[in-house]
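Please have a look at the fold first, then follow the topics below.

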Amino acid sequence: MKQANGNQVVPIETIQNTLNNRKEDIQRLHGEIDRVNRQRSRLQRAEGYLNNYEKYHALVEKIENNPFLKGKLLVFKIG
């Protein structure tokens, strides 16, 4: 359908279908954003665990490689 001035008339059903499709797209994208945010939270928590592990591992390595500290720790545990 065309009007005399060259503009095209769009049926209301077409507009409604387009609107419904866009709403579904928006809902799907919101779900994806929520999933990404949950994954980000898990990754941040895992990063914290890894940082703590690395810190304590470095401390253990330091004690294991230093006979004085190792002996001091042994005396502390026994005493």
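Helices (H or I, at least four residues) and strands (E, at least two) are taken as DSSP runs, numbered from the N terminus. By that rule, the chain has 2 helices and 0 strands. The model is predicted, so local features need pLDDT of at least 70 and side-chain atom pairs count only at pLDDT 80 or more, while totals for chains, interfaces and linings use all residues. Residues are numbered from 1 along each chain as its sequence is written, and side-chain values use heavy atoms, with hydrogens and water left out.

**Surface and burial**
- Of the 79 residues in the chain, 0% are buried (under 20% relative accessible area, with exposed over 50% and partly exposed in between; 1.4 Å probe, protein chains only).
- Carbon and sulfur atoms hold 57% of the chain's accessible surface, which is about 7600 Å² (Shrake-Rupley method with a 1.4 Å probe; for residues, only the protein chains shown count as cover).

**Salt bridge**
- The whole structure contains 1 salt bridge (a side-chain nitrogen of Lys or Arg within 4 Å of a carboxyl oxygen of Asp or Glu).
- Glu32 and Arg35 form a salt bridge through their side chains, at 3.1 Å from N to O.
- Both residues, Glu32 and Arg35, sit in helix 1 (residues 12-64), 3 residues apart, or about one turn of the helix.
- Glu32 is partly exposed, at 37% relative accessible area, and Arg35 is also partly exposed, at 38%.

**Helix 2**
- Leu69 belongs to helix 2 (residues 67-78) and is partly exposed, with a relative accessible area of 24%.
- Beyond its neighbours within four places in sequence, Leu69 is in contact with Lys62 and Ile63 (heavy atoms within 4.5 Å).
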